[in-house]
Amino acid sequence: MIQKRRSRKFSKEIFTDEDGLRFATPEIVGEYRAKRLKTDVIGELGCGIGGQTVQFARYSSEVIAAERDEEKLECAKRNARIYGVKNIRFILGDVRSEEVRRFFRDADIIFCDPSRPPEEEIRSFLNFEPRIDEVIELYSPFTENLAFEAPPQIPPARVPFECEKEYISLNHQLNRLNLYFGELKKRDVSAVILPEGEVLYGEGEISYGEIENYLHEPDPAVVKAELLGVLCERFDLRVCFMDGKRILMSGDDMRSPFLKNSYILRGVCGSLSEVREILEKGGAKKAVLRFEIPPSEYWSVRRRLEEGLNGERTFHIFRGDKFIVCERLE
Ligand SMILES: C[S@@+](CC[C@H](N)C(=O)[O-])C[C@H]1O[C@@H](n2cnc3c(N)ncnc32)[C@H](O)[C@@H]1O
């Protein structure tokens, strides 16, 4: 059933079917991609409810958008009206069929955000619909300039194609992986930080060092793109803590879009009773636990640490061999 819904993904109320909104490309990501793929004629395979399509239409002269689900295509048409764009040719059908394929003959660039299962233990390219290898085979006779969206959990080494792997974070959450082929490939791996639009790429060795006064958490797109070495060299940072999920780097007092959070160190100690002393002395009110702990124990440990604290500050506590107590810098 088609309905009009408001979502944080879009600045306007948009039309969606039951699950279209869930898989729709957020406006800010769609706009970034549309700027990078700006051209005369852009084709989109599997346009869904048109989150990406309307952005392509704002930046490219002409858009051809195909979708096999009639309700989703209807939403995309209505969303194009909401966004006030008129340069889209919508096509209903399976993009693997010859009748749909022929509409894309004049496209300079073809983009595809395939369907994939909502959850998988290990993300696999074989479960995409349409599959990337199929699209390459069917559409590369028209243009080598192909771009795809893929799940960002896949590390660069597990992408079995010769293409640029661009990891995108939105508000410091890992959001998208874009794959660029042909002339669209500018480098091997890159990380893009949105909304700032900052891009990181290149070569660099990871440096390791001690925990120092200022600590920084790298953005997850930089980590996923395996560009920590570039960050170390560019900003003179040293990795001083890793626990499998979290990374801290020491360096100067600085801020950068490539850093998710920055902290000032309040203490390093060996036990929770010493953590409690640091919290008391430092004027803390809240203690955010940033280490692996069974969810059922999180609040009992946190309450024990916070009980009777009468300060105002929020401290974050990481745990490796020792507890690292720090305060976030705004
Ligand atoms: C992840 S969604 C795209 C979402 C879109 N980017 C948006 O912002 O709404 C993938 C879409 O591809 C469509 N699709 C999958 N296989 C297709 C095929 N063989 N032919 C046409 N459309 C297909 C699905 O129906 C689905 O709407």
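Guide: Pro130 lies in the loop between strand S6 (109–112) and helix H6 (132–139). Helices (H or I, at least four residues) and strands (E, at least two) are DSSP runs, numbered from the N terminus. Most peptide bonds are trans, and most residues other than glycine have a negative phi.

Keep in mind that this is a predicted model: local features need pLDDT of at least 70, side-chain atom pairs count only at pLDDT 80 or more, and totals for chains, interfaces and linings use all residues. Residues are numbered from 1 along each chain as its sequence is written, and side-chain values use heavy atoms, with hydrogens and water left out.

Now move along to Pro195. Its loop runs between strand S10 (189–194) and strand S11 (198–200). The peptide bond from Leu194 to Pro195 is cis, with omega near 10°.

Next come the phi angles. His172 has a positive phi, near 65°, and is not a glycine. Look for His172 in the loop between strand S8 (164–170) and strand S9 (173–180). His172 counts as buried because its relative accessibility is 18%. Buried means under 20% relative accessible area, exposed over 50%, and partly exposed in between (1.4 Å probe, protein chains only). Glu226 also has a positive phi, near 60°. Its loop joins helix H7 (220–224) and helix H8 (228–235). Glu226 is at 53% relative accessibility, so it counts as exposed.

Turn to the ligand. It is surrounded by 22 residues, and the closest are Thr25, Glu67, Asp94, Val95 and Asp113. Here, a residue is near a molecule if one of its heavy atoms lies within 4 Å of it. The shell divides into seven nonpolar, eight polar and seven charged residues. Ala, Val, Leu, Ile, Met, Phe, Trp, Tyr, Cys and Pro count as nonpolar, Asp, Glu, Lys and Arg as charged, and the others, Gly among them, as polar.

Check the backbone next. A backbone N or O atom of Thr25 lies 2.8 Å from a ligand oxygen atom. For Ile49, a backbone N or O atom is 3.1 Å from an oxygen atom of the ligand. For Val95, a backbone N or O atom is 3.0 Å from a nitrogen atom of the ligand. The protein covers 96% of the 600 Å² of accessible area that the ligand has on its own. Such areas come from the Shrake-Rupley method with a 1.4 Å probe.

Note on methods: Polar contact = N/O pair within 3.5 Å; in protein donor to acceptor, adjacent residues only side chain to side chain.
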